[in-house]
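Please keep the sequence and the 3D view at hand while reading.

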Amino acid sequence: MKRRQFLIGAGSVASLGVPGILRAAPGGRRIVVAGGDLTEIVYALGAGDRIVGVDQTSNWPPEATELAQIGYVRRLSAEGVLSLGPDLLLAAHDAGPDVVFEQLAAAGVQVARAPESTDVVDIPEKIAFVGEALGLTEKAAALSAEFTASLTDVQSKVATLESAPRVLFILSIRNGAPLIGGTETTADRMITLAGGQNAGAGVNGYKPMSREAIIASAPDIVLMMEQHAERMGGVSTVMTRPEIALTPAGQSNRGVAMEGMLLLGFGPRTPAAIAQLARALHDDRAIAAGL
């Protein structure tokens with residue numbers, strides 16, 4: 001069951017109108033955000049000037065990278081957040097640890113945790129969550145409508161593409177073996193949305209894949225996040241790895257790298273991410289389709 005958003009903190013609390021869900025009055029003049037997708041939404045709603053600190057995944061828009069850092073989204077510290085003097089923390093559903101939220105609430109900081117997001121269809125709910133937390137529900141409704149229209153447009157164009165290249169998503173190299181994005185991952189969903197087939201569908205989640213299994217998966221294209229590709233020596237280096245070089249992707253040198261939050265963040269830019277990935281997978285056919 002999808003976990004719903006909640007807000008805890010000092011002060012008066014009013015019901016959201018949903019049984020068992022309570023939250024304090026919205027607003028938040030000094031906001032700290034833990035979650036790159038939420039940061040993008042705050043800026044898209046025109047409230048970026050309220051943000052005083054962000055986590056390491058918040059790299060869009062560029063001005064967000066100039067804000068104070070609070071560390072990695074899943075390894076937050078109450079001291080780091082409190083040092084910025086916020087009145088509201090917007091946190092991704094998987095941010096943590098939970099004890100930090102309890103400490104912040106005890107210190108008088110409201111903590112709003114986003115609904116769980118595992119698919120593109122969840123993004124409007126995230127937008128609505130941020131809009132409610134900031135008291136910008138009308139702007140959030142307009143942004144959701146714009147997002148839905150863009151998503152519908154890009155999906156209709158992808159649907160006209162006849163080919164479905166096999167795509168292998170490599171998250172990282174762990175203990176010498178590529179960590180592959182299998183089924184039930186954001187990478188799998190994005191590959192499908194862009195008109196591809198996940199060559200790593202033989203595994204579930206993000207798992208290491210053996211050399212033999214990678215060769216047998218026969219990907220036409222290898223997909224990576226730019227930041228992680230750089231840590232592996234760059235796309236060209238990854239494509240020369242023995243297990244990759246023997247695949248159709250390696251033989252044709254078809255490696256694609258995209259900015260991580262754009263590709264996997266499930267934020268307002270997701271329709272643009274789908275279009276960009278579709279162009280990388282389908283080349284001229286995607287352009288002909290209007291992508």
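**Strands, cores and charged pairs**

Strand S10 and strand S12, the latter made of residues 206-208, pair in the antiparallel sense over three bridges, and within this pairing Ile180 stands opposite Lys207 in S12. The model in which we see this is a predicted one. S10 also pairs with strand S9 (residues 166-174), again in the antiparallel sense, over four bridges, and here Ser172 stands opposite Leu179 in S10. Two residues lie between the strands in the hairpin of S9 and S10, where Asn175 takes a positive phi near 55 degrees.

The buried residues are Thr186, Ala187, Asp188, Met190, Ile191 and Leu193, and H6 is followed by Gly195, whose phi is positive, near 85 degrees.

In soluble globular proteins, nonpolar side chains tend to be buried together. The largest nonpolar core here has 56 residues, and those with the most contacts inside it are Leu90, Val130, Leu134, Phe169 and Leu263. Apart from this core lies another, of 18 residues, among them Leu76, Leu89, Val109 and Val111.

The structure also has open space, and the largest pocket has a volume of about 1100 Å³. Of the 33 residues that line this pocket, Thr57, Tyr72, Arg74, Met261 and Leu264 are the closest to its centre. The lining is made up of 11 nonpolar, 14 polar and eight charged residues, and helices H1 (36-44), H8 (226-231) and H12 (260-264) each supply at least two residues of it.

Finally, we can turn to the salt bridges, of which there are nine. In one of them the side chains of Lys157 and Asp153 meet at 3.2 Å, N to O; both residues lie in helix H5 (residues 137-158), four residues apart, which is about one turn of the helix. Lys157 is partly exposed, with a relative accessible area of 23%, and Asp153, at 38%, also counts as partly exposed. Another salt bridge joins Arg269 and Glu259, with the closest N and O atoms 3.0 Å apart. Arg269 lies in the loop between H12 and H13 and Glu259 in the loop between S14 and H12, so the pair ties together parts that are 10 residues apart in sequence. Both Arg269 and Glu259 are buried, and together with Glu40 they are linked in a network of salt bridges.

Terms used. Residues numbered from 1 in each chain as written. Predicted model: local features only at pLDDT ≥ 70, side-chain atom pairs only at ≥ 80, totals over all residues. Heavy atoms only, no water. Buried < 20%, exposed > 50% of the residue type's maximum accessible area, 1.4 Å probe, protein only. 1 Å grid on protein atoms, 1.4 Å probe; cavity = no way out; pocket = protein on both sides within 12 Å on 5 of 7 lines; lining within 4 Å. Points joined across faces, edges and corners; volume = space filled by probe spheres on them. Nonpolar A, V, L, I, M, F, W, Y, C, P; charged D, E, K, R; others polar. Pairing = 2+ DSSP bridges. Core = buried A, V, L, I, M, F, W, Y, C linked by side-chain atoms within 4.5 Å. Salt bridge = Lys/Arg side-chain N within 4 Å of Asp/Glu carboxyl O.
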